Amino acid sequence: MVAEGYVSKPDAVSGGGARRAEYTRGGVALDKLNIDDIMPNSVLAQDVFGQIDNTSLPLLRKGSIISAEYLYKLKERNINYLYVKRKISGILLSEPGTNPHARFSIPYEKSKSSVSPIVRKDAVKSLRALHIVSQGSDAQATANAVNHLCDVLTKIVDGLHTSKTVNIHQLQSVDEYIYHHTLSVVVISLAIGQGLGLGKTTLFNIAQCALMHDVGKYLTPPEVLNKKELLNESELQTVKRHAVTGFEYMKKSDMLTETHRQAIVLHHEKIDGTGYPLGMKGEKIPLWSRIIAVADVYDAMTSRRPYRDALSPSEAYEYIQGLAYYSFDFDIVRAFINKMEFYPVGCIIELSSGLGFAIVLEALNKLRPRVKRLDVDSEIDLCDIRYLNVTIKRIVPYEEALGRK
Ligand SMILES: [Fe+2]
């Protein structure tokens, strides 16, 4: 049964057919989207029912804000498609009265993270599991956790295979930083590898190393890792030891070869020999380690940590570009710059000059996007000569912009 552009109830949740279909009602377009493509905080356009008994109460009501948690749970129930609302213009519509936090609309079409919420959640869950088993001495449990992570990795590699650029927006999080950081490093490393023209098998190997690059930190005292004050020399050495500790720990899994383990232990080496643990120089450092080094530094700099605020992507970009040839491999830095979306469409930024928060609408210039201010209804092209004095102070987490924090 089809009425006013809607598809009947069972079809609304059962999947099949095109990955995306569009229907219209009252000037608002309804997208039938694959659940992997739905952005958290989208608005549900039709009730969702379980697949076994369609006469029961809906699992989720029309008008609900679809959180990442809901997406994960619906996916677990084999619900593969949902209807979501958006305006014809492509701007997601927050249903009046259904979302008390909705103070603004969030661009939808182009703002998807490079990793779907479902895969992201699975990856974090699996990294958490590895963290737990790493505290014990069960080699089989470690091997199982690594195997599962490799399954998740396959989804990430496949998902990114055809993308022209990548963004790590929404992968960064203050909570459980170490897992989200790991995931960001995987995605950025894959992007760099793609930019260098590496094949899929090599990309998968690099992604495996990126996924495990900081596993040694699971075995580092958290009070040292998260200390707000400056580390003393002994604590600094404890943190630095994570590279070797991770190398040793990974011997418990036969999924990773000696080549993988070497890439993991050398991810803090620098081209000029000032890195650790060996002070290795130039191309003696494995390519995989040189790639992970750039990804690791970028994500660490742009993440908020207990001991400092996050730097803006522009500042991290300047830092990494300035150290190409010295700390970082020049070709790798170039691939990184070409492939990264520093200010993805849909991300919220804080502008200088008292202009407040703005949402990115288009980023033809990677560091000077066109934005819409949130407090007044006006658009600004940061490349426009009138706004060249305006800088981007930081990316603002959605929760903060929505007034939840
Ligand atoms: Fe590290």
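The largest nonpolar core in this chain has 75 residues, and those with the most contacts inside it are Ile192 and Val294; by nonpolar core I mean a set of buried Ala, Val, Leu, Ile, Met, Phe, Trp, Tyr and Cys residues joined through C-beta atoms within 7 Å. Buried, in turn, means that 20 or more other C-beta atoms lie within 10 Å of a residue's own, whereas exposed means 12 or fewer and partly exposed is what falls in between, with the C-beta atoms placed from the backbone.

Before I go on, please keep in mind that this is a predicted model, in which local features need pLDDT of at least 70 and side-chain atom pairs count only at pLDDT 80 or more, while totals for chains, interfaces and linings use all residues. Residues are numbered from 1 along each chain as its sequence is written.

Coming back to the 75-residue core, its largest share, 9 residues, comes from helix α5, residues 177–195, where helices (H or I, at least four residues) and strands (E, at least two) are DSSP runs numbered from the N terminus. The core draws at least three residues from each of domain 2 (117–339) and domain 3 (348–401), with the domain bounds coming from an automatic or database domain assignment.

Which residues are in contact with Ile192, once its neighbours within four places in sequence are left aside? They are Ile291, Val294, Ala295, Ile332, Ala335, Phe336 and Lys339, contact here meaning that the C-beta atoms of two residues, placed from the backbone, lie within 7 Å. Apart from this core lies another one, of 17 residues, which includes Val43, Ile66, Leu71 and Leu74.

For the protein chain as a whole, the secondary structure comes to 14 helices and 12 strands, and buried residues make up 40% of the 405 residues. Among contacts between residues at least 6 apart in sequence, 62% join residues at least 24 apart.

In helix α9, residues 242–249, the buried residues are His242, Ala243, Gly246, Phe247 and Tyr249, and, seen down the axis of α9, they fall within an arc of 165 degrees, so they line one face of the helix; the arc is that of the directions from the helix axis to the C-beta atoms. Among the elements that cover these buried residues are α3 (117–134), α6 (200–212), α8 (233–240) and α10 (258–265).

In helix α12, residues 313–322, the buried residues are Pro313, Ala316, Tyr317 and Ile320, and these fall within an arc of 105 degrees when seen down the axis, so they too line one face of their helix. The buried residues of α12 pack against α11 (287–301), α13 (330–339) and β12.

Which order do its strands take? The 5 strands form an open sheet in the order β11-β10-β9-β8-β12, with antiparallel pairing, two strands being paired if DSSP finds at least two bridges between them. The edge strands are β11 (379–381) and β12 (392–396), each of which pairs on one side only. On average, neighbouring strands of this sheet are turned by 35 degrees against each other, direction ignored, the axes being lines fitted to C-alpha atoms, for helices over the stretch in contact, and angles running from 0 to 180 degrees between N-to-C directions.

Taking the pairs in turn, 4 bridges join β8 (residues 348–351) to β9 (residues 356–362), where Ile348 stands opposite Ile359 and Leu351 stands opposite Gly356. The hairpin of β8 and β9 has 4 residues between the strands, and in it Ser353 takes a positive phi near 65 degrees. A further 4 bridges join β9 to β10, residues 370–373; here Glu362 stands opposite Arg370, and Ile359 stands opposite Lys372. Lys372 also has Glu379 as its bridge partner in β11, and β10 and β11 form a hairpin with 5 residues between them.

I will finish with Pro222, which is found in helix α7, residues 222–225. Is Pro222 buried or exposed? With 10 C-beta neighbours inside 10 Å, Pro222 counts as exposed, and, although Pro222 and Val239 are 17 residues apart in sequence, they are 9.9 Å apart in space, C-alpha to C-alpha.
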